[in-house]
2 protein chains.
Amino acid sequence: MKKQNKTLRVELGERSYPIYIGPGLLADAEIYRRHIHNRQVMIVTNETVAPLYLAQVQGALQSFVVETVVLPDGESYKTLAIWDRIFDKLLSSRFGRQSTIIALGGGVIGDMAGFAAACYQRGVNFVQIPTTLLAQVDSSVGGKTGVNHPAGKNMIGAFYQPKCVIADTDTLNTLDDRQLSAGISEIIKYGLIDDPSFFRWLEANMDALLERDPTALTFAIERSCQDKARVVAADELEAGSRALLNLGHTFVHAIEAGLGYGEWLHGEAVAAGMCMAADLSRRIGWLSAEEQERIVTLIKRARLPHEPPRSITAEQFLDLMAVDKKVMDGRVRLILMKAVGESVITDEFDSVKLLETLNEYRSDDL
Amino acid sequence: MKKQNKTLRVELGERSYPIYIGPGLLADAEIYRRHIHNRQVMIVTNETVAPLYLAQVQGALQSFVVETVVLPDGESYKTLAIWDRIFDKLLSSRFGRQSTIIALGGGVIGDMAGFAAACYQRGVNFVQIPTTLLAQVDSSVGGKTGVNHPAGKNMIGAFYQPKCVIADTDTLNTLDDRQLSAGISEIIKYGLIDDPSFFRWLEANMDALLERDPTALTFAIERSCQDKARVVAADELEAGSRALLNLGHTFVHAIEAGLGYGEWLHGEAVAAGMCMAADLSRRIGWLSAEEQERIVTLIKRARLPHEPPRSITAEQFLDLMAVDKKVMDGRVRLILMKAVGESVITDEFDSVKLLETLNEYRSDDL
């Protein structure tokens, strides 16, 4: 493996696995040989990624029996019905329970292929090749897999860990600017949760990231995965502290459900959600106006939305937030900020302040 | 709890749980209070069981918020599409991740409700109330959940353990004779796997079981669950020895897929599958003709089929067996018998002998 590549280990006992980060990894046959011990390999990818990277991956898998499922591209296809196509292909190819599923694509492909790996014959091997920045820094760590239900995002799924993750930074060269920014949104989130020095690094290096400087990108991916792995290792099944990773996400899910999945990229909704969380954190006296401004400024510099779409009313927000998974028995719990780089899970906030935040984003230009 | 009731503990570390066995347990509010610690409870049942037992269970759950999903009855409805209805109801009822799903019904309901519990918001609490003899002695132990795919049975699923199992023997009073025999088939299987003294007990007590003698039934359920729990505890995720529980099942799945799911009851197919395994075991010199005869005789006494449907040819069998989950990389593995009460997993058998067994059941009356 080349010198500039990094290997990070996610420590989860017997479910521990490595994340390989760097250029040229997609075509590294040695990685596949190390983690795939049976011949049958099913690549799950989509119509956008297949023409770009499928041949390279297939080329590195010449010692295996390889089949491929190409799914349509987009969050709107993350459904049980499309998921079922993976089983159609596995069964028509007569794949056994020792086979391996490889996810080649962004977060949607990773979620669907991982959930199929979790459920095919009650669990087969899984290898993840995230090809977007967001997937590299988000779904690389944590084992969350699943599909959407018309009534809510990621409502059907499983926790399932891969054997390894291959984050090839070369794949970011074909990412459009909007997708790049969406990934940076998730990176900013790790700084906000519990890594203030990483947040400062992002303030200093945002321009380099936007210019796709390889050294900056590799550092940001590694640091993000480390930050996420630390949170996940402490709480694999999300009984408690892992929910910190959902900073902004109660707002995010409401934005996505309100607009219809796929209108905004997930990372874009996360950016707006973090700004809303910052706004509420300031209103309840936890965050200073200056800290809120630092957050909003960095998000704007990353070319991300700093407020929700004005078409969603405060009433719609409240309604949509109530079916979010972060709800415990009817009580809304949010992740809010005590400071930049110090977030907490809480249901101790004034509902009036929450309404003020929700109304903030429709008060002026209507 | 009444004196004649038994409690058996399935030991699986932090996933250990009790099985309550005996009459009148369905309506015992104390059991539900002991194992359900949140208010939202979803009962999943079917059109046959609901009129018989739903009201009793609801009556015992008066301190909870209870919703119900009534699914159509039958193996042919064990599909992803029907499974999705459980999520429709969970989401329209705004159930959170602390909610509990109760399976009230036979094996199909247990498999679908358990799989929904495994996947709803990536896992919620699960309580099982098996109402058939087969479900009480089979799905009570082991945590196997899932749905069928048109190309294969139980191909999509998860290992997921309940918080407790309530095996109310009163529910067996409404079971028809064919269903009773199907349950006894699975009970005979435990004797054959590794419990020769239980097999002898069954030879002595088959008439009592068929007459639904409560003492005989309670003993048989308890012993079956103990036998199964011992095998499962040794190998929870079916990496090895747990496959013993699939005695006869490679033939079974071929019978079920060949006839179409639901033509034969699962236990009926298991009975024929065990006789086929005994036949092959005798042909390779492991089982004596007398031992084979003891097995066939007991199965006939239980009013169960001792041979597969003659409409399935040897060629169809071989084809259908190749997609069975017990296949490792193309090589067929079977569970065969060294003696009555001593089964082993093996791929060391002569394919010619297997063909002889498959042909045995179409050689004479065609």
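This is a predicted model: local features need pLDDT of at least 70, side-chain atom pairs count only at pLDDT 80 or more; totals for chains, interfaces and linings use all residues.
The domains themselves are assigned as domain 1 (6–174) and domain 2 (180–360) of chain A, and their C-alpha centres lie 26 Å apart. The contact between them involves 32 residues of domain 1 of chain A and 32 residues of domain 2 of chain A. The size of an interface is often given as the accessible area lost when the parts come together. For the two domains of chain A, the buried area is about 2,700 Å², and carbon and sulfur atoms account for 65% of it. Within the area that domain 1 of chain A buries against domain 2 of chain A, A:Leu133, A:Val137 and A:Lys153 supply 23%, which is more than any other three residues. Three salt bridges are counted between domain 1 of chain A and domain 2 of chain A. A:Lys153 also takes part in a salt bridge with A:Glu256, where the distance from N to O is 2.9 Å.

The contact between the two chains was examined in the same terms. Chain B and chain A contribute 35 residues each to this contact, and the area buried between them is about 3,400 Å², with 55% coming from carbon and sulfur atoms. Two salt bridges are found across the interface of chain B and chain A; B:Arg94 forms a salt bridge with A:Asp319, in which the closest N and O atoms are 3.0 Å apart. Ten residue pairs, both members at pLDDT 80 or more, are in polar contact across the interface of chain B and chain A. On the side of chain B that touches chain A, at least two residues are supplied by each of helix H3 (80–92), helix H4 (107–119), strand E7 (144–149) and strand E8 (152–159) of chain B. The residues of this side of chain B comprise 16 nonpolar, eight polar and eleven charged.

Note on methods. Residues are numbered from 1 along each chain as its sequence is written. Chains are lettered from A and ligands numbered from 1 in the order in which they are written. Side-chain values use heavy atoms; hydrogens and water are left out. Contact means heavy atoms within 4.5 Å. Buried area is the accessible area (1.4 Å probe) that two parts lose on being put together, summed over both. A salt bridge is a side-chain nitrogen of Lys or Arg within 4 Å of a carboxyl oxygen of Asp or Glu. A polar contact is a pair of N or O atoms within 3.5 Å; within protein, one must be able to donate a hydrogen and the other to accept it, and residues adjacent in sequence count only if both atoms are side-chain atoms. Helices (H or I, at least four residues) and strands (E, at least two) are DSSP runs, numbered from the N terminus. Ala, Val, Leu, Ile, Met, Phe, Trp, Tyr, Cys and Pro count as nonpolar, Asp, Glu, Lys and Arg as charged, and the others, Gly among them, as polar. Domain bounds come from an automatic or database domain assignment.
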